[in-house]
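Please read these notes with the structure open beside you. Each point takes up one topic and can be checked on the model.

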Amino acid sequence: MPRRMTTLGAFVLALLFAACASDPEQLRAERTVAAEYDAATGRLELIAFDSDDNGTADTWSYMHGRFVERIEFDRDEDGQIDRRGLYEAGVLQSSEEDADSDGRHDRWVTFEDGQIAFATFDEDGDGAPDRRVIYTDGEVASIEDISD
């Protein structure tokens with residue numbers, strides 16, 4: 001009889017352990033997300049995220065408490081920011097991107113009322129915009145050549 005109770009007890013403990021084990025997504029989140037807080041105020045300042053779970057953070061969200069101020073991405077993990085989004089009160093206002101991974105931003109987008117308003121592109125790599133696309137209600141309204 002005591003042996004049977006031990007086996008039953010072990011089975012019950014195994015069930016309890018399985019029920020309390022962390023969800024795989026919870027474990028991934030704990031491994032890939034890190035938060036930093038202001039020591040004096042306790043306010044959230046930064047969330048670093050390892051989007052591909054390779055041990056290196058590649059996305060940083062700079063916060064003002066619960067509001068995002070900017071998000072930066074290093075998609076190829078070369079130490080250079082490939083894309084940056086700027087926010088006001090948590091709403092995306094503009095973004096800039098290094099689309100060709102040459103170390104210089106070559107696409108700039110401006111948003112109004114949560115929708116894309118216009119985008120400019122440096123297509124020849126000289127650092128100056130060459131083309132502007134204007135949007136109305138999220139749809140392309142016109143394309144302008146603005147090169148020299």
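Which side chain meets Arg132 in a salt bridge? The points below begin with that pair.

1. The partner is Glu144: its side chain and that of Arg132 meet in a salt bridge, at 3.2 Å from N to O. A salt bridge here is a side-chain nitrogen of Lys or Arg within 4 Å of a carboxyl oxygen of Asp or Glu. The pair links distant parts of the chain, with Arg132 in strand β9 (residues 131-136) and Glu144 in strand β10 (residues 139-145), 12 residues apart. Arg132 has a relative accessibility of 27% and counts as partly exposed; Glu144, at 31%, also counts as partly exposed. The terms are set by relative accessible area: buried is under 20%, exposed is over 50%, and partly exposed is in between (1.4 Å probe, protein chains only).

2. A word on the source. This is a predicted model, in which local features need pLDDT of at least 70 and side-chain atom pairs count only at pLDDT 80 or more, while totals for chains, interfaces and linings use all residues. Residues are numbered from 1 along each chain as its sequence is written, and side-chain values use heavy atoms, with hydrogens and water left out.

3. Now the overall layout. The protein has 2 helices and 10 strands, and along the sequence they follow the pattern α-α-β-β-β-β-β-β-β-β-β-β. Helices (H or I, at least four residues) and strands (E, at least two) are DSSP runs, numbered from the N terminus.

4. The strands form an open sheet of 10, in the order β1-β2-β3-β4-β5-β6-β7-β8-β9-β10, with antiparallel pairing. Two strands pair if DSSP finds at least two bridges between them. At the edges are β1 (33-37) and β10, each of which pairs on one side only.

5. What share of the protein is buried? Buried residues make up 21% of the 148 residues. Among contacts with a separation of 6 or more, residues 24 or more positions apart account for 2%; contact means heavy atoms within 4.5 Å. The accessible surface comes to about 10200 Å², and 53% of it belongs to carbon and sulfur atoms. Such areas come from the Shrake-Rupley method with a 1.4 Å probe, and for residues only the protein chains shown count as cover.

6. Back to charged pairs: the count comes to 7 salt bridges. One of them joins Glu97 and Arg75, at 3.1 Å from N to O. Glu97 lies in strand β6 (residues 91-97) and Arg75 in the loop between β4 (67-73) and β5 (83-88), so the pair ties together parts that are 22 residues apart in sequence. Glu97 counts as buried at 19% relative accessibility, whereas Arg75 is partly exposed, with a relative accessible area of 47%.

7. Another salt bridge is formed by Glu123 with Arg131, whose closest N and O atoms are 2.5 Å apart. Arg131 is partly exposed at 26% relative accessibility.

8. Finally, look at Ile47 in strand β2 (residues 44-49). Which residue stands opposite Ile47 in β3? That residue is Ser61. Strand β3 (residues 59-64) runs antiparallel to β2, and 4 bridges join the two. Leaving aside neighbours within four places in sequence, Ile47 is in contact with residues including Val33, Ala35, Trp60 and Met63. Ile47 and Glu36 are 11 residues apart in sequence, and their C-alpha atoms are 6.5 Å apart in space. Ile47 counts as partly exposed, at 26% relative accessibility.
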